[in-house]
Amino acid sequence: MEWGEIPLEQLQMKSYPPDTNANVVVLFDHGVAKFDASFDITFIRHCRIKILNKAGFDWGMRILGYYAGEHGESISKIEGLTTSLGPDGEITQTELESESIFEEELENDRRRIRF
């Protein structure tokens, strides 16, 4: 799946036939881990979620927790895109703005990012 290229049939989907009561459908969730020469790991994830109704809106909020202490982890380059189909068939895309990414300090060198 290519970033930002959403098939029209996914945009037009109003329900999920195998479970017509579903609020959300995860259409794609793929991750790749890569090691560099220093054995640092980079993990890249691409996830596509179809929200079918208002009860599924919470799925649009993502929370990533991580350990930020000595030799800890970091999260960078968060990208998000909301794509919707208007009643006239017009496709609109809205990119995630940096003001919508929140980093929170937790206990014991733990942090989380919400977006």
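**Labels and what backs them**

Visitor: Why is Arg 114 called partly exposed?

Guide: Arg 114 has a relative accessible area of 24%. Buried means under 20% and exposed means over 50%, so Arg 114 falls in between and counts as partly exposed. Bear in mind that this is a predicted model.

Visitor: What makes the contact of Arg 114 with Glu 104 a salt bridge?

Guide: The N to O distance between the two side chains is 2.9 Å. The cut-off asks for a Lys or Arg side-chain nitrogen within 4 Å of a carboxyl oxygen of Asp or Glu, so the pair of Arg 114 and Glu 104 passes.

Visitor: Which other residue forms a salt bridge with Glu 104?

Guide: That's Arg 112, whose closest N and O atoms with Glu 104 are 2.3 Å apart. Arg 112 has 31% relative accessibility, so this residue is partly exposed too.

Visitor: How do you know that Glu 105 and Arg 111 form a salt bridge?

Guide: Their closest N and O atoms lie 3.3 Å apart, and the limit is within 4 Å, so this pair counts as well. Glu 103 joins in: Glu 103, Glu 105 and Arg 111 are linked in a network of salt bridges. By this rule the count comes to five salt bridges.

Visitor: Why is Glu 105 called exposed, while Arg 111 is called partly exposed?

Guide: Glu 105 sits at 60% relative accessibility, and exposed means over 50%, so the label for Glu 105 is exposed. Arg 111 comes in at 27%, so it is labelled partly exposed.

Visitor: What makes β6 and β7 a pair of strands?

Guide: Pairing takes at least two bridges, and β6 and β7 (residues 110–114) have four, in the antiparallel sense. For example, Phe 102 has Arg 114 in β7 as its bridge partner.

Visitor: Why are β3 and β6 called edge strands?

Guide: The open sheet has three strands in the order β3-β7-β6, with antiparallel pairing. β3 (63–67) and β6 (102–105) each have a single partner strand, so one side of each lacks a neighbour in the sheet. Neighbouring strands here are turned by 20 degrees against each other on average, ignoring direction.

Visitor: Where is Leu 106 found, and why is Leu 106 called partly exposed?

Guide: Leu 106 is in the loop between β6 and β7. Its relative accessibility is 41%, so Leu 106 is partly exposed. In sequence Leu 106 and Gly 65 are 41 residues apart, yet from C-alpha to C-alpha they are 9.4 Å apart in space.

Visitor: How does the radius of gyration of the chain stand against a compact globule?

Guide: A compact globule of 115 residues would be near 13 Å, but the chain has 17 Å. Its C-alpha trace spans about 50 × 30 × 30 Å along the principal axes, and buried residues make up 15% of the 115 residues.

Key:
Residues are numbered from 1 along each chain as its sequence is written. This is a predicted model: local features need pLDDT of at least 70, side-chain atom pairs count only at pLDDT 80 or more; totals for chains, interfaces and linings use all residues. Side-chain values use heavy atoms; hydrogens and water are left out. Helices (H or I, at least four residues) and strands (E, at least two) are DSSP runs, numbered from the N terminus. Axes are lines fitted to C-alpha atoms, for helices over the stretch in contact, and angles run from 0 to 180 degrees between N-to-C directions. The radius of gyration is taken over C-alpha atoms; the globule rule is 2.2 Å times the number of residues to the power 0.38. Buried means under 20% relative accessible area, exposed over 50%, partly exposed in between (1.4 Å probe, protein chains only).
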